[in-house]
Every structure is written in structure tokens, then in C-alpha cells.
Amino acid sequence: MLLHLGRNTSLATLATALTLTAWAPAPAEEIWISNEKEDTLSVIDVATLEVIRTIETGERPRGITFSKDYSVLYICASDSDTVQVMDPETGRILHDLPSGEDPEQFVLHPDDRHLYIANEDDAITTVVDTETRKVVAQIDVGIEPEGMAVSPDGKIAITTSETTNMAHWIDTETQMLFANTLVDSRPRHAEFTAGGTELWVSSEIGGTITVFDVATQAEKAKIEFEVQGIHPDRVQPVGFEFTGDEKTAFVALGPSNHIAAVNAKTYEVEDYILVGRRVWHMDFNTDKSLLFTTNGVSGDVTVVDVASREPVKTIKVGRFPWGAALRP
Amino acid sequence: MSPYLTALIAIVEREALRFVQQRGRFIAALVRPLVWLLVFAAGFRAALGLSITPPYQTYIQYETYIVPGLCGMIMLFNGMQSSLGLVYDREVGSMRLLLTSPLPRWWLLTCKLLGSTAISICQVYAFLIIADLYGIRWPAPGYLTVLPALILTGLMLGALGLALSSFIKQLENFAGVMNFVIFPMFFLSSALYPLWKMAESSELLHDICAANPFTHAVELIRFALHAAPNPTATAATLLAAILFLGLAIWGYDPARGMVRRKG
């Protein structure tokens, strides 16, 4: 009888556990969007594809990135001349970091401690220690620095300067420039790929992406774009991201209102996907099955199914969305 | 077999036979919307900005926008073409033969309607396959859910054709149908441009478009292709179908209608 009862009890417990597991809410994945002309962040729930929170920030938020453990969010509040540190749970600003003037984009070093910030108006890259909240170094770069990247091993940082049309290579040990390479007009964004052996730099006015071999800093390939029915002047590559397998890069093409899917091995453009007006940047969800693009002029975010390369939904956010960051 | 069923099979078979024998008609029925899709829409691809309106969840190309309208166009022309066929039947005498059947006239006319609707549905699916090959695709269930929408649209436009045919005295008057029915119905609808775009230029035009039963048929097809319901468009199309069919039955009634007067 006891045994019988025990079996029933454990079965009941198992059933309850299974039910609870089935009903337990999945960890909520969110995409955080900075709205540069509304001074807010819009938080999109990945499960429902709806805006669930809107949080106020400093003036003109653009680049946003989370710390490794997602406990804080760093926000480039360009017109407030500061990098804000936010508690994503409460949406409260914890403190500001000294960033230099007009911070536009930044990148967090793999050590999870140093932020490399492009100061657009000052032609410098500022390195800030997020723990001591002190400026560690300021490096002179070209005019109007914007794109920022750090190699996966953390040894190289890249700043691209919009007016000088260069990618500046910074040794993160010495915080000194060790190379400058020319790219096409108005470079906007940079990313390392292929295990850090390649550097991609997008040029907005030039309408290209230049691929560099990191070991030699030599140009390896140039990717050009052509969207049917759109004047070439409006095809302006800006932000881009790589899929999990690094086989495909999705490239935002600004006022052409399209993103391109580029084969990262052959450098061929395979597809163009229609999104909202003036697409700036993007980020994936955790398993990289969905891509979220920020469409500045239309004030929305388009969700693209990565496997089918089809846009599935466009979500209204704040005015002039710019940056995007995943919070798993 | 019930005489009703025999009549239905015979009339649908005759419509199908006539359609199969007129290969040119099948090709013409496809070429017309394809020209709109491949030439007109391609030219306007970047010119028209489309805001996101239901059933769309994101931005779409103009080509994608006009496909439901072109499906409606196929059915509109087919409905009118079958009305032309009826006038021809009347001129050569086979209509008299059909109408002297002991079966009720409303049943004979309904059979005629079902026959022409079945043919236009085949044409629409052929067009959707070509559009698919061109890269304009719909969610998979949409290809199934569009069928009832096509049946209702086909019946509505076919009934309109039937009603018109009872008013047309001679074949030559068909040009008038083109000018005064097909073109206004097509252009004053949401087939080529969304209604909000129409409202930007003229509120009056927008209201005329919104009242046009063809607009509702196109919206019904558009939503059905996305497997989404549209109760307003469904009700409006159904109401128009009943109205036009009633008008056709009245028109063909020997006691009251136009046929008697024409002798």
C-alpha cells in the first residue's frame, strides 16, 4: 500500500514537474533599440514581436551594447556627450562614463572592461575603463571617427573615420595606431570575422564593403551592391552583421530601404530584402534565426526570417531608430 | 441522375469546352495581368511608397501589392467575357434553346455562373503559379484559403456579367461594357493603388472606390491569400453577388425582364 502510494505520489510529482516545466515562461529574449530623435530606448519582446517597454535616455542615443553578463547597458548619448550606464532591469541610469565629445559608436573589449569610443567631433578614439570610470587613453584618428570594432582576441581595435576615409588599426596593448588603410568614401561600420582573420569595413558614400586580411592589413576583396530599380546613389552600406555560421553577412543599405545578404566566402551578393526606410543597423535573436533591422526614417524595426530571407513583420518603435542590441 | 445535376454538368461542360477550344482566350486572359505585373508594376516598383496596411505585416514590393488586384482583373474580364458569350448565344439561338428547358430559369443561370466561375478560378491559379515563378509568393495556406474567396468573387462578377447581358441588345455593344463597366470598376478600386493613396488625392474618389464591389472582392482575395479573414469584404462581396444574381434572374424572367422586350 505504501509502495503503491509512493509510486502514485512520485508519478504525481513528476506530472506536476512536467506541467510546471511546460508552463514555465521561457526566458524572455529582448531586442533593445535606440531612438536617436526621441531620446528613448524601445524594448521588443522577441516572442511576441511587440514593444513592451519604452525607456528614456540622454540626448540622441545611438550606439548601444550590453556588458557580457547583460547586467548593464552602455548607451552612447551623443548630444549629451556621455556614455550612460543603465540597469536594464529598472531602466535607471546608474552613472555616466567620461566619453569625450559626441560619442557615436563604441565597442566593448572582450575583457568586458574597456570601452573603445569614437568621438565624432574630436577626431579621437577614447578608451574608458568601465570599472574605474576613467579615461585610459585618447588616440588621435582621422576626421569624424565612427565605426568601431575589436578583434576576437582583443589585440586590435579599429576606428573608421568618415571624412579621412580610413580604417585606423590600434594596438590595444600600447593604445597606439600601427596602421592606417584607405577605404571608399565615408566608412561607417567595421566588424572582424572568420575567427578574426578578416576585417570588413562598409563605406556609405562609396557604396562598398572592403574586406581586409588582418595579418597583412592588405585589401582582400571589395563588395559592391546594386538594387534593381534603385538609383546607385541611394545604395549606402552602413551596419552589418554575420550569421552564426559566418557564412552570410547581412548588410544595411541605408536609403535604398533594403538589406543585402552577402556570401561571406565568395563575397557575392545573394539576395536583397525589402525593409523600412533608411535602414541603419541590426542585431539577431539568440539562435540567430531572426534579424532585427532599425529603419531610421520610417521609425520602425523590420524582422527578417534568416533561413528564408523573408521579412516577416515590421514593428513601430520610437522616432529614428538607430542601434540594436540583443538581451537574451 | 437528377435533371438539375444533368443540366449543371452539361452547362459547365459546354463552358469548359468552349474555353478549351478558344486557346487564344486562355492565353489572352493570362497575358493581360502578366503585362500589368511584369511591365507596369516593374516600372512603378520604386515610385510608389506603400505604408503597412493589413493584411501586410511588413513593407512589400509594388508587384506583391497588385497581384490580388490582377487576380480580380482576370475574374472581372472573365465575367464580362461570359456575358459576351451569352449575347452571342442569344444571337445564334442557342440561348433560346437553353431557356426553353423545363428547369427553372434561376437554376440554368446559376449553372452558367458556376461554369464561368470554375474557368476563371483555373485562370487565376495559372496566374498565381506564374507569379510564384517570378518570385511573388504567399504563405502556403493562402493558396488554399483563396479558393472560397475566388468562388465568391467569380460568382459576384459572373452575376454582374449575366445581369449586363440581359441589357445588351447586340454584340457590338460590348465595347460599351468595356468603357462603362470594366475600366471604371478596375481603376476605381484598390486593385492598383491602396485606398489611403487615393484619399490623398481626392476624398470623393476614395469614397467611390470604397463603395465599388470590385474593391471588396480584391480585398477579400488579398486577405485570403494571406490566410486572414476580412468579414467586411466578404459581406460586401456576398451582398453584391446576391444583388447582381437577383438582377440577372429578373432580367431573364420572360414575364418581366428585358429578354421578352427584346423578343
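Guide: The expected span of a helix is 1.5 Å times one less than its number of residues. With that in mind, let us turn to helix α11 of chain B, residues 231-252, in what is a predicted model. α11(B) has 22 residues, and its first and last C-alpha atoms lie 31 Å apart, close to the expected 32 Å.

Several residues of α11(B) are buried, including B:A233, B:A236, B:I249 and B:Y252. B:T237, B:A240, B:A241, B:F244, B:L245 and B:A248 are also among the buried residues.

Next comes the partner of this helix. Two packed helices are described by the angle between their axes and the distance between the axes. Helix α6 of chain B, residues 142-165, packs with α11(B) at an angle of about 30°, and the axes are 8 Å apart. Angles under 35 degrees count as roughly parallel, and α6(B) and α11(B) are therefore roughly parallel to each other. Their crossing is left-handed.

On the side of α6(B), the residues in contact include B:L152, B:L155, B:M156 and B:A159. On the side of α11(B), B:T237, B:A240, B:F244 and B:G251 are among those they meet. The residues of this contact comprise 14 nonpolar, three polar and no charged.

Finally, helix α10 of chain B covers residues 213-225. α10(B) is mostly covered, with 13 of its 13 residues buried. Just after α10(B), B:A227 adopts a positive phi of about 55°.

Methods
Residues numbered from 1 in each chain as written. Chains lettered and ligands numbered in written order. Predicted model: local features only at pLDDT ≥ 70, side-chain atom pairs only at ≥ 80, totals over all residues. Axes fitted to C-alpha atoms, helices over the stretch in contact; angles between N-to-C directions. Helix = DSSP H or I, 4+ residues; strand = E, 2+ residues; numbered from the N terminus. Parallel < 35°, antiparallel > 145°, perpendicular 65-115°, else oblique. Left-handed = near helix turned anticlockwise from the far one by under 90°. Contact = placed C-beta atoms within 7 Å. Nonpolar A, V, L, I, M, F, W, Y, C, P; charged D, E, K, R; others polar. Buried ≥ 20, exposed ≤ 12 C-beta atoms within 10 Å, placed from the backbone.
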